[in-house]
Amino acid sequence: MNQALAIIPARGGSKGLPRKNVLPLCGKPLIAWTIEAALQAKSVGAVFVSTDDAEIAAVSERYGAEVVWRPEAIAGDMASSEDALLHALEMLESGAEGKPGVELPGELVFLQCTSPLTASADIDGTVAALREQGADSAVAVIDHHYFLWKHGGKGQGVVGVNHDHRGRRLLRQEREPEYLETGAVYAMSVRGFREQRRRFFGKTAAYVMPAERRLEIDELVDFRVAEVLMRERRQRDVLALLPDPIDAVVFDFDGVFTDNRVVLSEAGVESAVCSRGDGMGIDRLRATGVPLLVLSKEPVPIVMKRCEKLRLECLHGIDDKLPALRQWLGGRGLDLSRTVYMGNDINDYQCLAAAGCGVVVADAHPAVMPVADLVLTRNGGDGAVRELCDLIVDRG
């Protein structure tokens, strides 16, 4: 079946929380989480961001989305998401900014970048509900069991909305199922949407997503809640990525233990800055008994000196890393598929791809990001090694 087109509206203006669409959340701009979920969704073929803002556009493209520039007339506070979606569809079909027009697919997925906990499974689930129920539109919801109240008018106080507040309060299992719209994912027929110009029309299907993934970012406190929930989810995801058991942990040096910069004295002596916290992480990891190795391309003395201080075995001056890694593992009866390899640049690509779990620092070269199983939240030389060590040790 053809894949759907995903569009994420993202204005530059936000009065409640200025610049919220690009504010950092667990090491990434807010909008990046939704883009990544959309790119990973099996039901989505292409991801576009509709924006009027240069920074949002640059961030969106960096994380793999394409951009549709939104005119000022539909970028203000009173502009609706539907306006942005309709404009984006028109631009994509007719062609804009020198790009040829494209044939639109039959289905549109509308995503809100203010719902960063949305998973690719939620996107696929909403599209599946649209298809399997023969619906025209679909919405992601969560189960709702609360009693709602509203003002009943002058002199009446408040009255029940979804219950008879004067009668017997029904038990949860006695009540008709009710759902709360999450605001995260919508899916719809492209043709029907363009005709009706609204997100709900015809038969509407519902996908019930896990309640713990329902969160909309409106205020600063929402960011704080999202940070906690995202860290918990990330911890679960990371633990699932790590081999069990781990045979070995292998590190590159420059750009991993360091920030990839070098200080050169007048005498031509090189020095680098490392994180002391990484040393404590290495001590904790060594205590587990897992074999550790530094595998570095650089033949400079500072690599050996740092490894000697950390009591790490080191192979340096290695141009072709993967054969050297295989030889080192083979000589100890260790399995590459149960090895964690941590790197940051293109000379680590083969090792990252071949290892049981390839790990890169947050500021790794873009070329190695796609092959990594795990992207850390810390930069090289700024606690990235400690982050990985703690993840492994704390797993138990």
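At 1% relative accessibility, Phe257 counts as buried. In this predicted model, Phe257 forms an aromatic pair with Phe251, a residue whose relative accessible area is 0%. The notes below begin with the aromatic residues and then turn to charged groups, strands, a helix and the overall dimensions.

**Aromatic pairs**

- A search of the whole structure finds 4 aromatic pairs.
- Tyr186 and Phe200 form one of the pairs, edge-to-face, with 5.8 Å centre to centre and 65° between the planes.
- Phe110, Tyr186 and Phe200 are joined into a cluster by ring pairs.

**Arginine residues over rings**

- The charged end of Arg199 sits over the ring of Tyr186, at 4.8 Å from the ring centre; Tyr186 is also a member of the cluster with Phe110 and Phe200.
- Arg169 lies over the face of Phe147, with a distance of 4.0 Å from the ring centre.

**Arg233 in helix α6**

- Helix α6 spans residues 220-241 and contains Arg233.
- Is Arg233 buried or exposed? Its relative accessible area is 18%, and Arg233 is therefore buried, given a cut-off of under 20%.
- The side chain of Arg233 reaches the backbone oxygen of Leu117 at 2.5 Å.
- Beyond its neighbours within four places in sequence, Arg233 is in contact with Pro116, Leu117, Thr118, Ala119 and Arg213.

**Val141 in strand β7**

- Val141 is part of strand β7, which covers residues 137-144.
- Its relative accessibility of 6% places Val141 among the buried residues.
- When neighbours within four places in sequence are set aside, Val141 is in contact with Tyr179, Leu180, Glu181, Thr182, Ala206, Tyr207, Val208 and Met209.

- Strand β1 (residues 4-9) is mostly covered, with 6 of its 6 residues buried.
- In a regular strand, side chains alternate between the two faces of the sheet.
- In β1, Ala4, Ala6 and Ile8 point one way, Leu5, Ile7 and Pro9 point the other way, and all are buried.
- Strands β1 and β4 (residues 44-51) run parallel and are joined by 6 bridges.
- Pro9 has Ser50 as its bridge partner in β4.
- β1 also pairs in the parallel sense with strand β6 (residues 107-111), over 3 bridges.
- On this side, Ile7 stands opposite Phe110 of β6, and Phe110 is linked by ring pairs into the cluster with Tyr186 and Phe200.

**Helix α1**

- Helix α1 (residues 30-40) is mostly covered: 9 of its 11 residues are buried.
- The buried residues of α1 are Leu30, Ile31, Ala32, Trp33, Thr34, Ile35, Glu36, Ala37 and Ala38.

**Overall dimensions and composition**

- The secondary structure comprises 11 helices and 19 strands.
- Along the principal axes, the C-alpha atoms fill a box of roughly 80 × 60 × 40 Å.
- The protein has 396 residues, of which 47% count as buried.
- Of the contacts between residues at least 6 apart in sequence, 64% join residues at least 24 apart.
- The protein exposes about 19,900 Å², and carbon and sulfur atoms supply 50% of that area.

Key. Residues numbered from 1 in each chain as written. Predicted model: local features only at pLDDT ≥ 70, side-chain atom pairs only at ≥ 80, totals over all residues. Heavy atoms only, no water. Helix = DSSP H or I, 4+ residues; strand = E, 2+ residues; numbered from the N terminus. Buried < 20%, exposed > 50% of the residue type's maximum accessible area, 1.4 Å probe, protein only. Polar contact = N/O pair within 3.5 Å; in protein donor to acceptor, adjacent residues only side chain to side chain. Contact = heavy atoms within 4.5 Å. Phe/Tyr/Trp six-rings, centres within 6.5 Å; stacked < 30°, edge-to-face > 60°. Lys NZ or Arg CZ within 6 Å of the ring centre and 35° of its normal. Areas by Shrake-Rupley, 256 points an atom, 1.4 Å probe, with all protein chains shown as cover. Pairing = 2+ DSSP bridges.
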